[in-house]
Amino acid sequence: MHQLECECGQCRQRAGAAFEVLEFGRDWPGKGRAPAVFSEEEELQLAMELLEVASEEELEQFLGNVFKSVWKGVKKVGATIAKVAKPLGGALKAVAKTALPFVGGALGSMIPIPGVGTALGSALGRAASNALELEMENAAPADRELELARRFVRIAGQAARLAGDSDGSTRAVESALTRALHQQLPHFRSPAPQQEDESGRWRRRGNRIVVMGDWQ
């Protein structure tokens with residue numbers, strides 16, 4: 001089983017594979033050891049901004065501020081950043097709406113479905129919500145929302161950093177967000193791939209059955 005960061009030809013050819021190449025629920029080396037993307041002051045400022053979000057437009061503005069903070073001074077600004085901003089933003093919006101009660105309550109059904117990244121973000125958001133429940137069970141009610149907001153800021157920042165360093169493909173964006181969730185949430189377990197995503201996507205090659213886009 002290859003790790004998410006593997007760059008071998010076999011893994012790079014699996015562009016049509018499910019977004020997570022790790023075994024369901026498996027940890028991977030380096031989990032939880034990612035360097036901080038923001039200073040404590042920056043993280044707290046962004047967390048307070050997230051707590052004030054009351055519309056999809058404000059959530060998009062918040063994510064724009066996160067991306068600007070992460071990508072400022074990055075020489076790759078242009079083709080790669082332009083490619084990853086929209087799908088990553090869509091996925092992060094869905095994660096926030098699903099995993100953060102104060103965001104989901106404020107937005108209601110305002111995030112359109114389907115949308116860019118929303119299917120991925122909703123699946124990861126449900127898994128993130130389960131992980132956060134375990135991690136916040138002993139948190140004081142007064143501190144819970146702020147800690148949830150700070151944790152999401154770390155996830156969004158790390159996902160933006162990883163995606164910005166990638167080739168900008170859909171596969172890379174999906175992997176960046178999944179890796180960020182693993183790194184920032186010790187109890188996070190990747191959701192199982194959707195059955196409908198796999199149906200009908202196979203071919204016979206000799207005595208082998210090759211599935212999910214691996215026949216190129």
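How many nonpolar, polar and charged residues does the lining of the largest cavity have? In this predicted model, the lining comprises eight nonpolar residues, no polar residues and one charged residue.

**The cavity**

- The count of cavities of 30 Å³ or more comes to one.
- The volume of the largest cavity is about 40 Å³.
- Its lining is formed by Val95, Ala99, Leu100, Ala128, Leu132, Leu148, Arg151, Phe152 and Ile155.
- Helices α4, α6 (118-135) and α7 (141-164) each contribute at least two residues to the lining of the largest cavity.
- Helix α7 provides the largest share of that lining, with four residues.

**Packing of α3 against α4**

- Helix α3 spans residues 56-71 and helix α4 spans residues 79-99; their axes come within 11 Å and cross at roughly 135°.
- The two helices α3 and α4 are therefore oblique to each other.
- The crossing of α3 and α4 is right-handed.
- On the α3 side, the contact is made by Glu56, Leu59, Glu60, Leu63, Phe67 and Trp71.
- On the α4 side, Ile81, Val84, Ala85, Leu88, Gly89, Leu92 and Lys93 take part in the contact.
- By class, the residues of the contact of α3 with α4 comprise nine nonpolar, one polar and three charged.

Terms used: Residues are numbered from 1 along each chain as its sequence is written. This is a predicted model: local features need pLDDT of at least 70, side-chain atom pairs count only at pLDDT 80 or more; totals for chains, interfaces and linings use all residues. Side-chain values use heavy atoms; hydrogens and water are left out. Axes are lines fitted to C-alpha atoms, for helices over the stretch in contact, and angles run from 0 to 180 degrees between N-to-C directions. Angles under 35 degrees count as roughly parallel, over 145 as roughly antiparallel, 65 to 115 as roughly perpendicular and the rest as oblique. A crossing is left-handed if the near helix is turned anticlockwise from the far one by less than a right angle, and right-handed if clockwise. Contact means heavy atoms within 4.5 Å. Ala, Val, Leu, Ile, Met, Phe, Trp, Tyr, Cys and Pro count as nonpolar, Asp, Glu, Lys and Arg as charged, and the others, Gly among them, as polar. On a 1 Å grid over the protein atoms alone, a cavity is a set of points where a 1.4 Å probe fits but cannot get out, and a pocket is an open set with protein on both sides within 12 Å along at least five of seven lines; lining residues have an atom within 4 Å of a point. Grid points are joined across faces, edges and corners, and a volume is the space filled by probe spheres set on the points.
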